[in-house]
Amino acid sequence: MKNYILIIIIFLSINIFAQDIKVFETHSIPKPDSVQIFKPSGYSSAEKYSLVILLHGWSGNYKQWNEIIPLQNFSDKYNFIIASPDGLYDSWYVNSPVNPGSQMETFIITEMLPALCEKYNVDKENIFISGLSMGGHGALYLFFKHQDIFKSAGSLSGILDITAFPDNWNIAGYLGKYEDNQEIWKKNSDIFLLDSLIDKERPFIFGCGTEDFAYQVNKNFYEKCLQLKIKATFISQPGVHNAEYWKNNIESHLRFFKEIECKK
Amino acid sequence: MKKIFTILCLLFLSGKDFSYEQIILNAPYVLKPDTILVYLPAKYSTAKQYPLVMLLHGWHQTYKFWNQVAGDLQKYADRYNFILVCPDGFWDSWYIDSPVNPRSKVETFFIKNIIPTLTSKYKVDKKNIFITGLSMGGHGSMYLFLKHPDIFKSAGSLSGTLDVSAFPNKNSMINAFGKYEVNPDNWKKNSVYNLLDNIKGKNKQIIFDCGTEDNLYFCSKKFYEKCLDLKIKATFISQPGVHKIDYWRKTFENHFRFFQSLVSK
């Protein structure tokens, strides 16, 4: 009888926590990458689901987002598959020209995403990406570079112009010293990638707290959107660069994605 | 029997659909009686108190407009557990005490008549009274809030005319503010841009948004820059959109969410 209850409990817990961890081992990046995937509770192989990738910040890992908000609840509420890859501490989600063994962009686009699409019922028309801080940079970077893959993107407290922070967070470890590699830095900086947006009506969203050290680059980024007549949504509000701010604001991105999700 | 039952069911259902109440109030200092729609949350109980959210319509609209924006305000009263109130703004009153028309003291009417009536008739949590509005109503909500920060906990504006003095002698405004060249101060002192100082250092929070293709966009942008200068805690949502109902439909719920996040526990 006791065993029977135990089995039921195990069964329930599997159902409640409809989440997987997939570990990728690849030559593109220096370490195996863990990706945590949350499926809506009612996940059915007969249906297709929008996929939302959430990127963590500098010094974080694939668990960071789930520590900030309970991703399973949001997967259920919005009927999204949510995947949270590991950004390997400080990869900046770019392909490093100075380190051939650190090609994060290649990994995410050509290895992780195809694998997720194969394993899960992902609606390829509805793939979204958002992130915080370094991950905000990463989300918009990958969106601008792969406009055919991502429908829309978001950034919270994003480092939307890495060239404003030449000595911080080991960006130089991936792109080389700023003084000697300014063109490379620009090619990897969101604000300089804005011009590459093909459809200026393509919606995307970003927010930053006014007391955040990243506020000025977000403000500059938005001014450039206005100049280029790019139709972005910018939420400017009180807040600093911390988990409380991200916790209170990531849902506005999920709602934003839900609104522009193709009707199936 | 079946027929009667069906009819009763329909009556019951339709009664649920149209569960708002209508109040008509008058005062000697307004031009005509004011109609106010009140939506109580489905679970409204006289044993509890509820936040109150006032929704102000725009120029040449009526108390019915907000229900058109939201589709059905009752749904939002239920969802947020708010008492939602749509007063009439007398067409082009700009929600002020008109310096040129003694029969258009709308600010006084709101503060001395409408709000006390609501708080005595319903179980309003007086610590949680909010106000928002669109276009002229965005000016109105900020105006009433900035003049009475003791009454309102917070305020919002959608596509608001956040500096009336930027539009001197606009026909839609002359009835309320008078001719600009006769007395420009009537415009300046009633501009919410100039009233922002009233909440400086008061730890008040506000929210506003505007579409970037809206002719009024520059007002909201300027208003926000002043908020930053004065260190007023403002949330500004700057997004694609024009001065149309579809825009308000898309964004109004952000205000309800914002107010909900401020409701004192």
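**Ground rules**

I noted that residues are numbered from 1 along each chain as its sequence is written, and that chains are lettered from A and ligands numbered from 1 in the order in which they are written. Since the model is predicted, local features need pLDDT of at least 70 and side-chain atom pairs count only at pLDDT 80 or more, while totals for chains, interfaces and linings use all residues; side-chain values use heavy atoms, with hydrogens and water left out.

**Entry 1: where chain A meets chain B**

I looked up the contacts (heavy atoms within 4.5 Å) and found 15 residues of chain A touching 17 residues of chain B. The size of an interface is often given as the accessible area lost when the parts come together. For this pair of chains the buried area (the accessible area, with a 1.4 Å probe, that two parts lose on being put together, summed over both) is about 1,200 Å², and carbon and sulfur atoms give 55% of that. On the side of chain A, the residues losing the most area to chain B are A:Lys231, A:Pro238 and A:Arg255, which together make up 32% of what that side buries.

I then asked how many salt bridges the rule finds across the interface of chain A and chain B. With a salt bridge taken as a side-chain nitrogen of Lys or Arg within 4 Å of a carboxyl oxygen of Asp or Glu, the rule finds two. A salt bridge joins the side chains of A:Glu223 and B:Lys221, at 3.3 Å from N to O. For polar contacts (N or O atoms within 3.5 Å, where within protein one must be able to donate a hydrogen and the other to accept it, and residues adjacent in sequence count only if both atoms are side-chain atoms), I recorded five residue pairs between chain A and chain B, both residues being at pLDDT 80 or more.

Next I checked which elements take part, using helices (H or I, at least four residues) and strands (E, at least two) as DSSP runs numbered from the N terminus. In chain A, α9 (215-227), β8 (232-237) and α10 (243-260) each supply at least two residues of the side that touches chain B, and β8(A) gives the most to that side, with six residues.

Strands count as paired if DSSP finds at least two bridges between them. By that rule β8(A) pairs with strand β8 (residues 233-239) of chain B in the antiparallel sense, over three bridges, and within β8(B) the bridge partner of A:Phe234 is B:Ser238.

**Entry 2: covered strands in chain A**

I used "buried" for under 20% relative accessible area, "exposed" for over 50% and "partly exposed" for values in between (1.4 Å probe, protein chains only). Strand β3 (residues 49-55) of chain A is largely enclosed by the rest of the structure, because seven of its seven residues are buried. I found β3(A) joined to β5(A) by six bridges, the two running parallel, with A:Leu54 opposite A:Ser130 in β5(A). β3(A) also pairs with β4(A) in the parallel sense over four bridges, and there A:Leu51 has A:Ile81 as its bridge partner.

Strand β6 (residues 152-156) of chain A is mostly covered too, with five of its five residues buried. In a regular strand the side chains alternate between the two faces of the sheet. Strand β5 (residues 122-131) of chain A pairs with β6(A) in the parallel sense over two bridges, and A:Ile129 has A:Ala153 as its bridge partner.

**Entry 3: positive phi angles**

Most residues other than glycine have a negative phi. A:Leu88, although not a glycine, has a positive phi of about 50 degrees; its place is in the loop between β4 (80-84) and α4 (104-119) of chain A, and A:Leu88 counts as buried because its relative accessibility is 10%. In chain B, the phi of B:Asn81 is near 60 degrees. B:Asn81 is found in the loop between α3 (73-80) and β4 (83-86) of chain B and, at a relative accessible area of 33%, is partly exposed.

**Entry 4: two helix residues of chain B**

Is B:Asn186 buried or exposed? B:Asn186, which lies in helix α7 (residues 184-188) of chain B, counts as buried because its relative accessibility is 7%. Not counting residues up to four places away in sequence, B:Asn186 touches B:Pro99, B:Val100 and B:Phe177. B:Lys112, in helix α4 (residues 106-121) of chain B, counts as exposed at 58% relative accessibility.
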